[in-house]
Amino acid sequence: MSENKIYHIEEIMQMLPHRYPFLLVDRLEVEVPGEKGVGIKNVTMNEEFFQGHFPGNPVMPGVLQIEAMAQTAGAIVVAGKGDFQDKKRSVLFMSIDGVKFRKPVKPGDQLRMHVEKVKERRNIFVFKGQSMVDGNVVSEAEFTAMIVE
């Protein structure tokens, strides 16, 4: 079994077109190139969305948790191609199914997005994902995305 490949923010920014405040993956641990890995988002009180969600009770929006899973999946696919320094790609949502939100995500949490490819057909990928904090599932979904150059 090979060791996980770790990608830091500079490489993630080469893989994904997203930028602050919408880049939601700080670190990527690829377990199986192009197929499986974990994205990490360090959630801090400095996030812009906490200004309005919710004053006095900051909670990370669930839709952003799903977006973070999708960004993780896209980065795993792009990293698996191995040429992300030379080719720019975008990851576009096509569908989201089976979404469940289980626990709130708060400032100080480390959100770990575990994603795994379910199937692939040309440039369309189906992934299942679970976001976890301290080993507990906080959200989950299955999503389909298209990778375009």
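This is a predicted model: local features need pLDDT of at least 70, side-chain atom pairs count only at pLDDT 80 or more; totals for chains, interfaces and linings use all residues.
Local features need pLDDT of at least 70, side-chain atom pairs count only at pLDDT 80 or more, and totals for chains, interfaces and linings use all residues. Residues are numbered from 1 along each chain as its sequence is written, and side-chain values use heavy atoms, with hydrogens and water left out.

The largest nonpolar core has 38 residues. Such a core is a set of buried Ala, Val, Leu, Ile, Met, Phe, Trp, Tyr and Cys residues joined through side-chain atoms within 4.5 Å. Buried means under 20% relative accessible area, exposed over 50%, and partly exposed in between (1.4 Å probe, protein chains only). The residues with the most contacts inside this core are Tyr 7, Met 15, Leu 28, Met 60, Leu 111 and Phe 143. Two or more residues each come from α1 (9–15), β2 (27–32), α2, β5 (110–121), β6 and β7. Helix α2 gives the most, with 11 residues. Helices (H or I, at least four residues) and strands (E, at least two) are DSSP runs, numbered from the N terminus. In soluble globular proteins, nonpolar side chains tend to be buried together.

A search of the whole structure finds 1 cavity of 30 Å³ or more. On a 1 Å grid over the protein atoms alone, a cavity is a set of points where a 1.4 Å probe fits but cannot get out; lining residues have an atom within 4 Å of a point. Grid points are joined across faces, edges and corners, and a volume is the space filled by probe spheres set on the points. The largest cavity holds about 40 Å³. Its lining comprises 9 nonpolar residues, 1 polar residue and no charged residues. Ala, Val, Leu, Ile, Met, Phe, Trp, Tyr, Cys and Pro count as nonpolar, Asp, Glu, Lys and Arg as charged, and the others, Gly among them, as polar. Helix α2 (62–81), β6 (124–133) and β7 (136–148) each supply at least two lining residues. The largest share, 4 residues, comes from α2. Beyond four places in sequence, Phe 143 is in contact (heavy atoms within 4.5 Å) with residues including Ala 70, Ala 73, Phe 125 and Phe 127.

The largest pocket has a volume of about 160 Å³. A pocket is an open set of points with protein on both sides within 12 Å along at least five of seven lines. Of its 13 lining residues, Tyr 20, Leu 23, Asp 26, Lys 41 and Glu 47 lie nearest its centre. The lining has 7 nonpolar, 2 polar and 4 charged residues.

Arg 89 lies in the loop between α2 and β4 (90–101). Arg 89 counts as buried because its relative accessibility is 7%. Its side chain is joined to that of Asp 83 by a polar contact of 2.9 Å. A polar contact is a pair of N or O atoms within 3.5 Å; within protein, one must be able to donate a hydrogen and the other to accept it, and residues adjacent in sequence count only if both atoms are side-chain atoms.

Two cis peptide bonds may be described. One joins Tyr 20 and Pro 21, with omega about 5 degrees. The other joins His 53 and Phe 54, with omega about 0 degrees. Pro 21 lies in the loop between α1 and β2, and Phe 54 in the loop between β3 and α2.
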